[in-house]
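Dear colleague,

I am handing over the structure below, and would be grateful if you could look through it alongside my notes.

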Amino acid sequence: MSLGTKPTGVLVMSYGTPENMESVEAYYTHIRRGHPPTAEQLEDLSARYRAIVGGVFPLRENTNRQAAALQRTLDERAGPGRYVCYQGLKHAAPFIEDGIAAMAGDGIREAIGIVLAPHYSSMSVGGYLKRAQEEAAKHGIRFAGVQSYHLHPELISALAERVRRGLDKFGDARGDAIVLFSAHSLPKRIEQTGDPYPEQLLETSHAVAMAAGVDRWQFTWQSAGQTGEPWLGPDILETVDSLAREGVRSILVAPVGFVSDHLEVLYDLDIEASRYAEERGVRLERIEMLNDDPQYMSALADSLAAAEKELEDGR
Ligand code: FEC
């Protein structure tokens, strides 16, 4: 229980997406830590958004729906008013710092936080948590964040159900299909610091494959940046190419490193990888994303309860 009558603040953190096509440049500049993209880079990204969005940036609506569903789940568990969710986005407004400042404005003294991405890397979740912790300290808010929840049983169960449904799409060819688990690549230098990201992703993939009764599966990376340094591989396009050469004709992609429908799924997988596979005579399908799935919300709520316990133990 939090001290006094104030609710505990819950910072729901997500990547963030532009408001509209006009704000793609500002968004891209933020991702590049203040360095504006070249005209060519900007056009490349804008073209990818044009290919998927049709005037709406799906990640924004999905994050809104996830935050609202998590609020409902927490209200059902603890009664209304006990927890209040605030959004904090990494690369768009409301930024992580805005979410914490809004809590401070509401008089909140204790907060817990979770990223809508299940796997920890110092370059991903670690970055979100550091910013939240620093901003909370400025406002005198005690804060504890969830590092990862990649093996939570309800997360695994929700993903396994999607893998089973995804395989059904292949009908009679179901038995020949291979499941390709994927996640956002990161610069290869994370391997030198013992970062848990690659291992956690393999653990999730293994657990989902077991739960779905799948024995033909591989893990591959996707969406690597063009930054001039090596990124973790193999990339999904290389993997699709190798599998096609081995005679595989049916691939189900399970992007377990992501939880929402957004650019890296709707463009990199549904358009780019799908087309690439088709050119090689391979049918590529994808599992449905979790979005506001009730089991996913339950995994988030359980993980937050563990973070709150840390706050209580530290009192
Ligand atoms: O739908 C949308 O508008 C946003 C989709 C989106 C998600 C996402 C998630 C992750 N990223 C991660 C790491 C990196 C690193 C860089 C990087 C760059 C981009 C660019 C876009 C972008 N990311 Fe992203 N990412 C999404 C979108 N990401 C757009 C810039 C253009 C490009 O490279 O395509 C390289 C930064 C640099 O230049 O230094 C590193 C990781 C995740 C998964 C965890 C999370 O959600 O936080 C890791 C969604």
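What follows is a short account of the ligand site and of one histidine.

This is a predicted model, in which local features need pLDDT of at least 70 and side-chain atom pairs count only at pLDDT 80 or more, whereas totals for chains, interfaces and linings use all residues. Residues are numbered from 1 along each chain as its sequence is written, and side-chain values use heavy atoms, with hydrogens and water left out.

The iron atom of the ligand has Tyr-15 (OH) as its only protein donor, at 2.3 Å, where donors are N, O and S atoms within 2.8 Å of the metal (3.2 Å for Na, K and Ca) and sites may look incomplete, water not being among the atoms. Tyr-15 belongs to the loop between strand E1 (8-14) and helix H1 (24-31), helices (H or I, at least four residues) and strands (E, at least two) being DSSP runs numbered from the N terminus.

The ligand is surrounded by 23 residues, the closest being Tyr-15, Thr-17, Tyr-49, Tyr-128 and Leu-263, with a residue counted if one of its heavy atoms lies within 4 Å. Domain 1 (8-149 + 293-313) and domain 2 (153-286) both contribute to this shell, so the ligand lies between them; the domain bounds come from an automatic or database domain assignment.

His-152, in the loop between strand E4 (142-145) and helix H6 (153-168), counts as buried at 14% relative accessibility (buried is under 20% relative accessible area, exposed over 50%, partly exposed in between, with a 1.4 Å probe and protein chains only).
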